[in-house]
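The exercises below are meant to be worked through with the sequence and the 3D view open side by side. Please try each task before reading its solution.

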Amino acid sequence: MDEEYDVIVLGTGLKECILSGLLSVDGLKVLHMDRNDYYGGASTSLNLIQLWKRFRGNDKPPEQLGMSKEYNVDMIPKFMMANGGLVRVLIHTDVTKYLHFKAVDGSFVYNKGKIYKVPATDVEALKSPLMGLFEKRRARKFFIYVQDYDDKDPKSHEGLDLTKVTARELITKYGLEDDTIDFIGHALALHFDDSYLDGPAFDFVKKMKLYAESLARFQGGSPYIYPLYGLGELPQAFARLSAVYGGTYMLNKPECKVEFDGDGKAYGVTSEGETAKCKKVVCDPSYLPNKVQKVGKVARAVCIMSHPIPNTHDSHSAQVILPQKQLGRKSDMYLFCCSYAHNVAPKGKFIAFVSTEAETDNPEIELKPGIDLLGPVDEIFYETYDRFIPANNHETDNCFISMSYDASTHFESTVADVLAMYSNITGKALDLSVDLSAASASADDD
């Protein structure tokens, strides 16, 4: 192969596919390879037989679970914030035309042993059983401040410079209780731990606003949307986009060995004895294991059930966040539930995930607080996987490596990684000021 590519992308995980789509649209010449014979890498979607092979080592799932092909079980299940980064990227690239979204029914938070709907507006704060009467009033005042806050209108700042004030200082001003801070920080602003309290209040308020604006978008019970047939549709949609702009895709390419010159710069990728030359390599951690470092691991359970998660108002799709403090942990736990309503399982079946950043070597015991909330399950599979981050310097080796997917059940951290990688690869920021009405989602239950 004599021609040189601007970028060779290795692995068809969601992050890599988004990047190859964005770079192709920018006019770069992209070659995209994967050692697997399927799309999606770690973020692939499995039917029932594939699920059985992976977790049970055979291809004979029980017949009462229904037809294998009616299952689309995402290995990295995450909901999208309706006005969030991923939806903006989808609109920016026009990939929305390949996908159909449906609103997610419910967004919940765990508090003192029970599941509650996450209150996201001043009106909901007053109704929420999460807080006592006086706390409701304080929370309502705080929500109104956040709703009215506008970067460009100093009157709405009430004398506070949110780039200098910490989140903790802002919350203290409104006198909110610890339990209230817990659900606002973790279930609304979607922070993974409590370090945000010492960061600028501006980021915290921006995240709360994103939640409230996304919630208002589809008038559903949550700010989240999810594609019909699950996330497995996404990598393929971006692959199609890349092809439209001249990108080349090759699956089932063994090895995919990155080649380096004497200065340690990547100049190409070899597979089956042929080397394709390139200026830059983009990949997931599994393709350059000696250029990444392990920073943790994710523990999770995948469950097949015949009912929704109890106490979620019969939601056919829902997220429940269990803040770390409620469980005496260092990191949050997440419940994700989806069903035949999003075409990811046969009629009457529900797929639930329980996931968290692992703090022990025993997922069965560690995930128990989340699994106990699910009620009876038909099948349960446990898994842990290591989480890696790049340890290289892309300026010296021309390699751009994505971070492993975290335990969260929403996409905001994934998109942040993609946007940072895009800026590193191209030297510019991606403009995401798009017309959000271009992505529609049906909220109905048919």
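**Exercise 1.** Are Arg387 and Glu357 buried or exposed?

*Solution.* This is a predicted model, in which local features need pLDDT of at least 70 and side-chain atom pairs count only at pLDDT 80 or more, while totals for chains, interfaces and linings use all residues. Residues are numbered from 1 along each chain as its sequence is written, and side-chain values use heavy atoms, with hydrogens and water left out. Begin with the scale: buried means under 20% relative accessible area, exposed over 50%, and partly exposed in between, using a 1.4 Å probe and protein chains only. On this scale, both Arg387 and Glu357 are buried. Next, look at how they meet: the two form a salt bridge, their closest N and O atoms being 2.7 Å apart, where a salt bridge is a side-chain nitrogen of Lys or Arg within 4 Å of a carboxyl oxygen of Asp or Glu. Finally, Arg387 belongs to strand β18 and Glu357 to strand β17, so the pair ties together parts that are 30 residues apart in sequence.

**Exercise 2.** Find the order of the strands in the open sheet of seven strands, and say which stand at the edges.

*Solution.* Strands (E, at least two residues) and helices (H or I, at least four) are DSSP runs numbered from the N terminus, and two strands pair if DSSP finds at least two bridges between them. Followed across the sheet, the order is β8-β7-β15-β16-β17-β14-β18, with mixed pairing. At the edges stand β8 (114-117) and β18 (379-390), each with a single partner strand, so one side of each is left without a neighbour in the sheet. Inside the sheet, β14 (residues 292-305) pairs with β17 (residues 350-357) in the antiparallel sense over eight bridges, and the bridge partner of Met305 is Phe350 in β17.

**Exercise 3.** Which salt-bridge partners does Arg329 have, and how accessible is each of these residues?

*Solution.* Start from Arg329 itself, which is buried with a relative accessible area of 13%. One partner is Glu359, with the closest N and O atoms 3.5 Å apart, and Glu359 is partly exposed at 31%. Another is Glu366, where the corresponding distance is 3.0 Å. Arg329 lies in the loop between α10 and β16 and Glu366 in helix α11, so this pair ties together parts that are 37 residues apart in sequence. At 7% relative accessibility, Glu366 counts as buried.
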